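Me: I am new to this structure. Please show it to me, and then let us go through a few questions.

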Amino acid sequence: LQIVESGGGLVQPGGSLRLSCALSGGTSNRYAIGWFRQAPGKEREGILCANSNDGSTKSTDSVKGRFTISRNHAKNTVYLQLNSLKPEDTAVYSCAAERDEDECVMGPGVPLIRYDYWGRGTQVTVTL
C-alpha cells in the first residue's frame, strides 16, 4: 500500500485546511486509517482515526471539536479537516494504515508499530 498526503501549507490562526491521504496499491479491503502529527522537537502524536468500512471514527482530546476525519472509499482517500487552527497545531501531518483491521485504535499509549504503512507527511504551519 502506498500513501501520499497533500494539502498542507501556511495558514493564519483561526484558519482552516483540508489534508488528503491518497491510498493506492493495497491488496486488502480492510485498512484502518490514522492521522498523526509531529511538531518540532516533539514525539509523533496520534490525533484521529477511522475504521475500515463502517464510518466510525475516533478523536483524541487534543483536537476534538476542531479536527475531523472522513473517508471516500470510491476515491481511496481519507481526509483530515482542520478548523480553528492554532500556532501549536504547527507540525508535519502524516497518514498511516493498519492492514486487515476493522476498528482503528487511537490515543496516548497506542504504539505506532500497530500501523503497517506510512506516508511521508505534509507540513502545516500556523502563523501570522
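Me: Which pattern do the disulfides of the protein chain follow, with bonded cysteines counted along the chain?
Reply: This is a predicted model. A search of the whole structure finds 2 disulfides. Cys21 pairs with Cys95, and Cys49 pairs with Cys104. Counted along the chain, the bonded cysteines give the pattern 1-3, 2-4.

Me: Is the disulfide of Cys21 and Cys95 left-handed or right-handed?
Reply: The sulfur atoms of Cys21 and Cys95 are 2.0 Å apart. Cys21 lies in strand β3 and Cys95 in strand β9, so the bond ties together parts 74 residues apart in sequence. The torsion about the S-S bond is about -75°, so this disulfide is left-handed.

Me: What is the handedness of the disulfide of Cys49 and Cys104?
Reply: Here the S to S distance is 2.1 Å. Both Cys49 and Cys104 are buried. The torsion about their S-S bond is about 65°, so the disulfide is right-handed.

Me: How many residues apart in sequence are the parts that Cys49 and Cys104 tie together?
Reply: A disulfide joins Cys49 to Cys104. Cys49 lies in strand β5, while Cys104 lies in the loop between β9 and β10. The pair therefore ties together parts whose separation in sequence is 55 residues.

Terms used
Residues are numbered from 1 along each chain as its sequence is written. This is a predicted model: local features need pLDDT of at least 70, side-chain atom pairs count only at pLDDT 80 or more; totals for chains, interfaces and linings use all residues. Side-chain values use heavy atoms; hydrogens and water are left out. A disulfide is a pair of cysteine sulfur atoms within 2.5 Å. Helices (H or I, at least four residues) and strands (E, at least two) are DSSP runs, numbered from the N terminus. Buried means under 20% relative accessible area, exposed over 50%, partly exposed in between (1.4 Å probe, protein chains only).
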